[in-house]
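Please keep the sequence and the structure in view while reading.

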Amino acid sequence: MQDELSLKKKAEDALKKSAAYGEDFNLDDYGIASKEEKVTEDLTKLSSDDQNTLLNVGIVPSEENRSGTFIMLDNAVSHTSVKQDDAVELMSLQAALKKYDWLKDYSWKLVKPDADKYTAMSYLQNADGYFIRAPAGKKSQMPVQTCLLIGSKDVSQTVHNLIVVEEGAQLDVITGCSTKKGVEKGLHLGISEIYVKKGATLNFTMIHNWAEQIGVRPRTVVHVEEGGTYINNYVTLKPVRSVQTYPTVLLEGKGAFTRLNSIGVAHPGSELDLGSRVIFNAPDTKAELISRTITTGGKVIARGEMIGNADGAKGHLECHGLVLSSEGTQRAIPILEANVEDIELSHEAAVGRIAREQIEYLMARGLTEEEAVGMIVRGFLDVGIQGIPDELKASIDETIAKIGEKAI
């Protein structure tokens with residue numbers, strides 16, 4: 001009880017402080033999104049607009065080729081279903097905390113409630129979210145899909161998610177975040193704590209498709225044990241007011257591996273502060289951080305950080321950015337820190353425009369200038385993300401085509 005009171009006091013103090021960096025949203029400008037249940041049993045019965053919103057962040061309303069589905073509307077759980085209950089467990093986090101006493105040892109242990117004003121807000125609101133568990137040795141054949149959806153105007157959505165992939169298990173998760181049609185302004189505060197146990201694998205893909213005046217402040221920490229693998233893909237291609245994401249992966253067991261891919265397009269008026277951090281705390285651990293960003297008039301900060309604390313660790317950081325408008329800015333901030341002798345960390349950073357000779361080379365082979373730019377952009381952004389539905393691929397192609405139009 002004393003620990004809970006102490007955490008609450010720390011969170012209340014953190015709530016009063018300004019954000020350490022980036023746009024500092026005033027939490028008082030937003031109401032608290034509703035926690036009232038708005039249950040939808042059959043997602044195919046949703047309106048065409050709502051179904052398209054889901055599809056554009058990789059969520060399939062029919063749930064075909066998905067092992068489970070979880071949807072949160074505002075601050076209420078709207079839909080939960082599981083097809084392979086022997087291979088994956090899926091429910092709201094608050095329900096899971098009531099079901100499993102041991103889960104208290106995982107909740108708010110990787111992300112601290114007083115890390116900043118946004119984590120403090122989620123903690124003090126007793127935020128709900130999804131709980132996903134892959135039992136030991138189980139390998140789900142189809143991904144779990146989750147969606148965090150803001151459906152009300154001028155509100156803050158507070159979310160707390162927790163994933164546990166037990167020893168030797170394998171899990172794929174596709175999570176999409178978006179706003180319902182007509183919702184233009186809001187604030188998303190998403191806390192995620194992820195545990196990858198010994199020899200386990202988690203492939204996690206997050207797709208953002210927000211409205212133009214949405215502020216986005218996810219806070220994620222991942223704990224990977226011996227021989228574990230964590231693959232993360234993050235995609236944001238549509239206009240948004242401000243995104244600030246900087247997931248931290250703790251490689252805590254020998255031979256653990258992580259790869260984090262970040263793909264972002266900053267449109268006019270958008271500010272993307274994207275990046276990832278890996279801390280090598282065990283020997284022979286490996287990491288790859290890959291960033292591909294484009295500005296068509298917005299501001300991009302691409303961060304990457306590797307901290308080596310164990311012998312035999314190897315990591316590579318790659319930040320590439322394209323500037324397709326004189327109104328946009330790109331900033332790459334790679335950080336390498338070695339605290340032991342036997343370690344190998346490297347980085348490659350480059351920002352600039354598309355080389356004219358590349359465009360002319362493709363045009364000489366029959367492409368229009370617009371088609372040539374689109375092809376170059378598509379290749380630039382391609383980091384091999386798997387498992388997204390055709391409708392989302394079509395939306396991505398449409399976005400890339402528009403980028404090509406504006407770039408010539």
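A polar contact is a pair of N or O atoms within 3.5 Å; within protein, one of them must be able to donate a hydrogen and the other to accept it, and residues adjacent in sequence count only if both atoms are side-chain atoms. Helices (H or I, at least four residues) and strands (E, at least two) are DSSP runs, numbered from the N terminus.

## Basis of the report

The model is predicted: local features need pLDDT of at least 70, side-chain atom pairs count only at pLDDT 80 or more, and totals for chains, interfaces and linings use all residues. Residues are numbered from 1 along each chain as its sequence is written, and side-chain values use heavy atoms, with hydrogens and water left out.

## The chain as a whole

The chain holds 21 strands and 7 helices. Its C-alpha atoms fill a box of roughly 70 × 60 × 45 Å along the principal axes. The radius of gyration, taken over C-alpha atoms, is compared with a globule rule of 2.2 Å times the number of residues to the power 0.38. For 408 residues a compact globule would have a value near 22 Å, and the chain, with 21 Å, agrees with this.

Of the 408 residues, 57% are buried; buried means under 20% relative accessible area, exposed over 50%, and partly exposed in between (1.4 Å probe, protein chains only). A contact means heavy atoms within 4.5 Å. Among contacts in the chain with a separation of 6 or more, 84% are between residues 24 or more positions apart.

## Helix α4 and its ends

Helix α4 covers residues 117-124 and is mostly covered, with 7 of its 8 residues buried. The buried residues are K117, Y118, T119, A120, M121, S122 and Y123.

Just after the helix, N126 takes a positive phi of about 50°.

The side chains of Q94 and N126 are joined by a polar contact of 3.4 Å, and a polar atom of the Q94 side chain lies 3.2 Å from the backbone oxygen of A127.

D128 belongs to the loop between α4 and β5 (130-134). With a relative accessible area of 14%, D128 is buried. A polar atom of its side chain lies 3.0 Å from the backbone nitrogen of Q94. D128 and S92 are 36 residues apart along the chain, yet their C-alpha atoms are separated by 6.7 Å. Not counting residues up to four places away in sequence, D128 touches M72, V77, S92, L93, Q94, T158, V159 and H160.

## Two loop residues with positive phi

Most residues other than glycine have a negative phi. D154 has a positive phi of about 60° although it is not a glycine. This residue sits in the loop between β6 (144-150) and β7 (155-165), and its relative accessible area of 37% makes it partly exposed.

D284, likewise not a glycine, has a positive phi near 60°. Its place is the loop between β16 (271-280) and β17 (286-295). D284 counts as partly exposed, at 34% relative accessibility.
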